[in-house]
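Have the viewer open as you read.

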Amino acid sequence: MFFQSQRNTMTPAKPLRRLRSHFSKKPQDLNIQTEVLAGITVSLALIPESLAFAAIAGVSPMVALYTSFCMAVVTAIAGGRPAMISAATGSMALLMTALVAKHGVEYLFAATVLTGVIQVLISIFKLGRFFHFIPASVIAGFVNALGILIFLAQMQQFAGEPWQMYVMVAVTLAIVYLFPKVSKAVPAPLVAIVAMTVVAIAINLPIRRVGDIGEITRSLPGFHLPAVSFSLETLAIILPYSMTLAIVGLLESLLTATLVDELTDSRSSKNREIWGQGIANLVTGLIGGMAGCGMVGQSIINVRSGGRTRLSTAVSGAFLLFSIFVLKDWVQQIPMAALVGVMIMIAFETFDWKSLQTLRKTPFPELIVMPITVAVVIWTHDLAKGVLVGVVVSVLLFSWQAAQIRAVSTQQNGRKVYQLSGQLFSGSASHFLELFDYRHDPDRVILDFSAAHLWDRAAADAIAKAVQKYRAVNKRTILIGFDRESYAIAKEYGLVKSAGVYGSENKTPESVL
């Protein structure tokens, strides 16, 4: 009886342990209550945003709601960044408006499936590594611009609203910031949303509700094969949109994953996240949804509410569907003021205030990248364009800095030594030739490359031209201080034979004088 009783008491704990181990690498650290409540909070905030994004894309509200449900659940299983929220987004919705207007929603479903396929291929061939070249200053600009856009979007919600709207937003912010000092058992944003909903219903406040944004129907998503002809003509129509959606979606998703990494002080698999985004978009297109990606604002809500694992992400999607099907009447009564208050908090949480403090210590070329990124995003309302411009500016500034090769000359025993520093390549080759005084230098010149590096044939050609110019005025040139890679380039392009070269040995000017 003892063993029978012991076995019966242990049995209920096994499914719980399995649940914990599936959603967290450290099951003992998984707080199911906190994760579930965080997911519910995110879900309630997703509904009005999804309805707004559906209006932008020109599709039915249910298309965006199905998208948010599917993206959240699938990425919770297949994604690489626990606690990150993926759903329908404004930036993706903007990219598909022309497709829907010209060809209809069925082509959007087909484009979404193709977007997922492209992202899966990017994951398989590990092309996501190229996203790691995005500079920190561009990421800071992306985050700050997103915070500003979120804030500006909330300001638009006040247009035409009565004074009760302002009071409710202020009270929501007070609850969000003060309630955690009383208790952290329940996420403060969830407390604020529920409390404001109860107040709005109880005294029938004349303010906008979630139901005023778009119609929510009680219908479950199902398998839907896009009703388009499977032909090269169709592929030619959807491929440009799908390529753009795939790149923009991954750009935002990986930047969001990096931000969540920082917020949670943990690391994630970016290639697995690309895979998860691809699978999620593939499935979404097959249930009548539109392409989605990672959401910075909702991910911060999740983390701020205590979400740390895949469980909170999965709950956000599952509860969204539950809300549509079971709690429709209640969800439609949520006052927009409560959600505006929560999103204003998210805007302030998103903005990287520390980046402003470090501006004074940032070198000038790098200093302008973040403001340029922010300005482009705010001007175009397109995060992808801002990041693209920021990356291009960063590359140009880096190339300009890398092309600054320098020389310090000294006279030693009747010989002149040029101590060179910097990167010698095609971009700096012409400037390199202007560093020397060919006519007035002494008969013996030493070029010391100890602090310089050769990168390509243009570098070797530039050195050969300098040697030839000295020979034209009957002066001998000695090249020293090459590192191994530079010496290999010098040897490959004939510099060893055409000039006195002291190779990868650590020669100093004094040792060859």
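Predicted model: local features only at pLDDT ≥ 70, side-chain atom pairs only at ≥ 80, totals over all residues.

## Burial and a salt bridge

## Other salt bridges

The whole structure has seven salt bridges. One of them pairs Asp-261 with Arg-81, with the closest N and O atoms 2.5 Å apart. Asp-261 is in helix 10 (residues 232-264) and Arg-81 in the loop between helix 4 (61-78) and strand 1 (86-87), so this contact ties together parts that are 180 residues apart in sequence. Asp-261 is buried at 11% relative accessibility, and Arg-81 is buried at 6%.

Asp-329 and Arg-218 make another salt bridge, where the closest N and O atoms are 3.4 Å apart. Here the pair ties together parts 111 residues apart in sequence, since Asp-329 lies in helix 14 (residues 328-331) and Arg-218 in the loop between helix 9 (188-202) and helix 10. Asp-329 is partly exposed at 47% relative accessibility, and Arg-218 is partly exposed at 43%.

## The largest pocket

The largest pocket comes in at about 890 Å³. It is lined by 33 residues, and the closest to its centre are Glu-49, Phe-53, Gly-90, Leu-149 and Ala-153. Elements that give two or more residues to the lining are helix 3 (32-57), helix 5 (90-103), helix 7 (136-156), helix 12 (296-304) and helix 15 (336-350).

Helix 7 supplies the largest share, seven residues. By type, the lining splits into 19 nonpolar, 10 polar and four charged residues.

## A nonpolar surface patch

On the surface, Val-117, Leu-121, Ile-124, Phe-125, Leu-127, Phe-130, Phe-133 and Trp-275 form a nonpolar patch, with about 830 Å² of accessible area together. Helix 6 (residues 105-124) gives the most to this patch, three residues. Leu-127 is in the loop between helix 6 and helix 7, and counts as partly exposed because its relative accessible area is 39%.

How values were computed
Residues numbered from 1 in each chain as written. Heavy atoms only, no water. 1 Å grid on protein atoms, 1.4 Å probe; cavity = no way out; pocket = protein on both sides within 12 Å on 5 of 7 lines; lining within 4 Å. Points joined across faces, edges and corners; volume = space filled by probe spheres on them. Helix = DSSP H or I, 4+ residues; strand = E, 2+ residues; numbered from the N terminus. Nonpolar A, V, L, I, M, F, W, Y, C, P; charged D, E, K, R; others polar. Patch = residues over 30% accessible without salt bridge, like charges linked within 9 Å, V, L, I, M, F, W, Y side chains within 5 Å. Areas by Shrake-Rupley, 256 points an atom, 1.4 Å probe, with all protein chains shown as cover. Salt bridge = Lys/Arg side-chain N within 4 Å of Asp/Glu carboxyl O. Buried < 20%, exposed > 50% of the residue type's maximum accessible area, 1.4 Å probe, protein only.
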